[in-house]
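Good morning, and thank you for coming. Please look at the structure on the screen while I take you through a few parts of it.

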Amino acid sequence: MSLERVEQYKAHILLVDDEDEILQFVKDALEDEGFAVLTAVDGKQALTLARQQRPDLIILDIMLPRRDGFSVCRELREEMDIPIVFLSARQSDVDKVQGFSIGADDYVTKPFSIKELIARVEAHLRRQQREQQRIEATSFSHGKLTVNFSAHEVQYDQTPVAFTRKEFEIIQLLVLHPHQVFSREMIYNHIWDMDALGSTETVMEHIKRIRKKLAQVDPATEYISTVWGVGYKWEPLTRA
């Protein structure tokens, strides 16, 4: 099945799960909501189809044959800037944090509500569409660091610094509102667009990764400050 881009579909989704009943159940529900759905039953097939078909969003199980979902997510995140939603029976905080730390946008545990899953899918797609429509061709610079909003690119001394889509969106939010403090809840609601459907733990993981990447190219500057008990703000300061 090919995910041909036709106007009748809301979006094109790759659904990856090795349990036939869940695969068919979720596929039918998504198609009833107007989505085009392509399915895969193992990690290697998921990688192949994702690269061939370039879906708008991926729903991904973790415990898969041939390649597990974590490794699939990690590899695709280096190549694609699309929402990746884990759908897994693994419910521990360790698994959730690992999923977010390798670039997942969301984590839904089994058993799950199909209505909630669809709400999350639609929220991610809606957020992505609004972001694409909103960003204008402009950029921000501080010293050797440049953030190009239209190109979704960060450069330091004219060399690109790799960030995931969500990492870039957090940078963009903070840069566009310098010195304004954003709580974890505010950042989560703005970037993920799901006021009551997720956890703010992922914000901490994303901020941690952003800081690490910026420190690797510019160890002398701390770009994101922590206001203890409140949140984060963009306020570049020279490290002591």
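Let me begin with a term: two residues are in contact when they have heavy atoms within 4.5 Å of each other. By that rule, and leaving aside neighbours within four places in sequence, Val 230 is in contact with Val 181, Phe 182 and Ser 183. This is a predicted model, in which local features need pLDDT of at least 70 and side-chain atom pairs count only at pLDDT 80 or more, while totals for chains, interfaces and linings use all residues. Residues are numbered from 1 along each chain as its sequence is written, and side-chain values use heavy atoms, with hydrogens and water left out.

Two further conventions are required. Helices (H or I, at least four residues) and strands (E, at least two) are DSSP runs, numbered from the N terminus. Buried means under 20% relative accessible area, exposed means over 50%, and partly exposed lies in between, for a 1.4 Å probe and protein chains only.

To complete the picture of Val 230, this residue sits in the loop between β10 and β11. With a relative accessible area of 47%, Val 230 is partly exposed. Val 230 lies 137 residues from Asp 93 in sequence, and their C-alpha atoms are 23 Å apart.

I turn now to the interior. A nonpolar core is a set of buried Ala, Val, Leu, Ile, Met, Phe, Trp, Tyr and Cys residues joined through side-chain atoms within 4.5 Å. Which members of the largest nonpolar core touch the most other members? Of its 26 residues, they are Val 154, Ile 170, Ile 171, Ile 187 and Trp 234. Two or more residues each come from β7 (145-148), β8 (153-156), α6 (165-176), α7 (184-192), α8, β10 (221-227) and β11 (231-238). Helix α6 contributes the most, with six residues. As for Ile 187, its contacts beyond four places in sequence are Ile 170, Leu 173, Phe 182, Trp 192, Val 203 and Tyr 232. A second, separate core has 24 residues, among them Leu 38, Leu 49, Ile 62 and Tyr 107.

Staying with helix α6, we find Leu 174 there. Is Leu 174 buried or exposed? Its relative accessible area is 0%, so Leu 174 is buried. Beyond four places in sequence, Leu 174 touches Phe 182, Ile 207, Ile 224, Tyr 232 and Trp 234. Of these, Tyr 232 is 58 residues away in sequence, with 8.2 Å between the C-alpha atoms.

Next, the helix pairs. Two packed helices are described by the angle between their axes and the distance between the axes. Here, axes are lines fitted to C-alpha atoms, for helices over the stretch in contact, and angles run from 0 to 180 degrees between N-to-C directions. Angles under 35 degrees count as roughly parallel, over 145 as roughly antiparallel, 65 to 115 as roughly perpendicular, and the rest as oblique.

Helices α6 and α8 have axes 10 Å apart and pack at about 85 degrees; they are therefore roughly perpendicular to each other. The α6 side of the contact consists of Lys 166, Glu 167, Ile 170, Ile 171 and Leu 174, and the α8 side of His 206, Ile 207, Arg 209, Ile 210 and Lys 213.

Helix α8 also meets α4: their axes come within 9 Å and cross at roughly 45 degrees. The pair is therefore oblique. From α4, Val 97, Phe 100 and Ser 101 meet Glu 201, Thr 202, Glu 205, His 206 and Arg 209 of α8.

Within α4 (residues 93-101), Asp 95, Gly 99 and Phe 100 are buried. Why are they on the same side of α4? They cover an arc of only 130 degrees around the axis, the arc being that of the directions from the helix axis to the C-beta atoms. Their cover includes α3 (69-77), β4 (84-88), β5 (106-109) and α8 (201-217).

In the loop between β4 and α4 lies Arg 90. Arg 90 is partly exposed, at 29% relative accessible area. Its contacts beyond four places in sequence are Ile 62, Met 63, Phe 70, Asp 95, Tyr 107 and Thr 109.

Finally, some backbone details. Most residues other than glycine have a negative phi, and most peptide bonds are trans. The bond from Lys 110 to Pro 111, however, is cis, with omega near -5 degrees. His 152, in the loop between β7 and β8, has a positive phi near 50 degrees. Gln 158 likewise has a positive phi, of about 70 degrees, and counts as exposed at 69% relative accessibility.
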